[in-house]
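Hello,

Here is the structure I promised to hand over. Please open it first, then read my notes below it.

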Amino acid sequence: MYADPYYSLNNLHIPDTLCRMDWWYRIAFDAPQDTDAADFDLLLNGINYKAEVWLNGVRLGTMAGAFKRGVFPTKGLLKKNGKNILAVHILPSNNPGIPHEQNIASFGPNGGSLCLDGPTFISSEGWDWIPGMRDRNIGIWQDVKLIKTNKIKIQDPFVITDLPLPDTTYADLTIQTTLVNVTGQPQQVTLTGKIENITFTKEVSLAKNEQKEITLSGDEFKQLRMQKPRLWWPNGYGAQHLYTLELAVKQGNETLQVQTIRFGVREFSYEFMAQSQAKENVRFNYSPTDARDAGKPLFNYKEAVTLTNTNYPDIAIPTFEEGAEKYIQRLTEEKDNPYLTILVNGKRIFL
């Protein structure tokens with residue numbers, strides 16, 4: 001319908017009405033062959049901004065928010081024979097705003113009213129001299145899938161990789177996920193995992209309708225200390241090596257559900273400045289993975305302090321919460337520099 005919006009000034013010729021319209025997405029598909037053997041959830045991995053979800057004429061539910069994920073049970077609705085019809089009704093955000101068509105001499109309001117619907121929208125309405133996106137990025141983002149469920153669901157698997165910086169010869173892996181018993185009966189299951197030649201198994205008991213968070217770490221599974229990991233680096237600093245984690249829930253010889261995710265072995269750390277409880281301005285290195293046992297925020301931005309009598313006047317820095325200095329490494333290099341430096345795998349990254 002329109003010329004490529006990423007080329008030249010084509011974007012300015014697309015009508016701004018696109019962000020104020022409803023949109024329908026529709027697809028016909030065959031049900032999986034094992035429909036009788038299991039139930040399925042419909043997964044929408046990203047919707048922007050509001051949606052009504054319909055399957056075979058039945059409204060499964062609604063969702064709202066910037067790039068939100070939604071999961072809807074389909075029990076009793078999938079047709080084994082004949083086509084199934086999935087329809088997603090997309091509605092615009094509450095505050096689409098009016099783009100200010102900026103130029104190098106006249107900046108705009110940087111996001112404007114669209115920020116009211118979430119910070120992910122800030123640039124969609126325009127930023128400095130970047131014109132607004134005409135549809136404000138509404139629509140279907142990422143995957144739409146049917147996920148087989150059978151007694152137990154695996155939700156939100158996540159891998160934390162902790163390097164003993166500056167050493168990168170090994171990494172400690174921590175795997176977190178949630179198991180959900182969708183039955184009205186207690187269940188005893190086995191959670192298994194595999195990352196290349198690393199395998200692990202954990203027995204889990206779930207009460208009826210229980211949702212339980214599971215953590216697998218090197219304290220319990222020594223094999224989760226990965227030797228000589230292939231690191232993930234930002235573009236230009238090295239390769240983006242990825243590993244695959246496969247998690248499965250089994251009951252006897254039956255596999256109830258399998259989920260796979262990709263992850264990179266890398267650690268973010270930060271150099272910045274905060275004021276100690278002794279009123280001393282401290283520049284330090286901080287790695288969140290080294291402070292997971294803190295259980296509370298370490299830096300207080302509500303009580304930020306404005307620097308005076310320095311080479312960086314009028315810069316505000318946070319203050320340390322009690323006990324925060326246990327988790328930091330004081331720096332002598334550039335100790336008067338209040339600005340944030342981001343490091344990946346212990347290397348400073350130019351931003």
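Arginine 330 is partly exposed, with a relative accessible area of 43%. Here buried means under 20% relative accessible area, exposed over 50%, and partly exposed in between (1.4 Å probe, protein chains only).

Before going on, two notes on the source. This is a predicted model: local features need pLDDT of at least 70, side-chain atom pairs count only at pLDDT 80 or more, and totals for chains, interfaces and linings use all residues. Residues are numbered from 1 along each chain as its sequence is written, and side-chain values use heavy atoms, with hydrogens and water left out.

Which residue does arginine 330 meet in a salt bridge at 3.2 Å? The partner is glutamate 280, with the distance taken from N to O. A salt bridge is a side-chain nitrogen of Lys or Arg within 4 Å of a carboxyl oxygen of Asp or Glu. This pair links distant parts of the chain, 50 residues apart. Arginine 330 sits in strand β21 (residues 328-330), and glutamate 280 in the loop between β17 (268-275) and β18 (281-286). Strands (E, at least two residues) and helices (H or I, at least four) are DSSP runs, numbered from the N terminus. Glutamate 280 is partly exposed, at 38% relative accessible area.

Arginine 330 also forms a salt bridge with glutamate 325, at 2.8 Å from N to O. Glutamate 325 has 33% relative accessibility, so it counts as partly exposed. Elsewhere, salt bridges that share partners join Glu271, Arg283, Glu334 and Arg348 into one network.

The structure holds 16 salt bridges. One of them joins aspartate 30 and lysine 83, whose closest N and O atoms are 3.3 Å apart. This pair, too, links distant parts of the chain, 53 residues apart. Aspartate 30 is in strand β1 (residues 23-30), and lysine 83 is in strand β6 (residues 83-91). Lysine 83 is partly exposed, with 46% relative accessible area.

**Glutamine 187**

Is glutamine 187 buried or exposed? It counts as buried, because its relative accessibility is 12%. Glutamine 187 lies in strand β11 (residues 187-195). Its side chain makes a polar contact with the side chain of threonine 183, at 3.2 Å. A polar contact is a pair of N or O atoms within 3.5 Å; within protein, one must be able to donate a hydrogen and the other to accept it, and residues adjacent in sequence count only if both atoms are side-chain atoms. Leaving aside neighbours within four places in sequence, glutamine 187 is in contact (heavy atoms within 4.5 Å) with Lys151, Ile152, Asn181, Val204, Ser205, Leu206 and Gln251.

**Cysteines**

How many disulfides does the structure hold? It holds zero, a disulfide being a pair of cysteine sulfur atoms within 2.5 Å. Cysteine 19 is in no disulfide; the nearest cysteine sulfur is that of cysteine 115, 14 Å away. Cysteine 115 is in no disulfide either, and its nearest cysteine sulfur is that of cysteine 19. Cysteine 115 has 28% relative accessibility, so it counts as partly exposed.

Cysteine 19 is in the segment before β1. With 1% relative accessibility, cysteine 19 counts as buried. Not counting residues up to four places away in sequence, cysteine 19 touches Pro92, Pro96, Arg134, Asp135, Arg136 and Ile138. The C-alpha atoms of cysteine 19 and proline 119 are separated by 17 Å, while the residues are 100 apart along the chain.

**A surface patch**

Methionine 21 is also found in the segment before β1. Methionine 21 is partly exposed, at 35% relative accessible area. Met21, Trp23 and Tyr25 form a nonpolar patch on the surface, with about 250 Å² of accessible area together. Patches are made of residues with over 30% relative accessible area and no salt bridge; like charges are joined within 9 Å, nonpolar side chains (Val, Leu, Ile, Met, Phe, Trp, Tyr) within 5 Å. Accessible areas come from the Shrake-Rupley method with a 1.4 Å probe; for residues, only the protein chains shown count as cover.

**Whole chain**

- The chain has zero helices and 23 strands.
- Of its 351 residues, 42% count as buried.
- The C-alpha atoms fill a box of roughly 75 × 60 × 35 Å along the principal axes.
- Of the contacts with a separation of 6 or more, 63% are between residues 24 or more positions apart.
- The chain exposes about 20200 Å², with carbon and sulfur atoms supplying 51% of it.

Best regards
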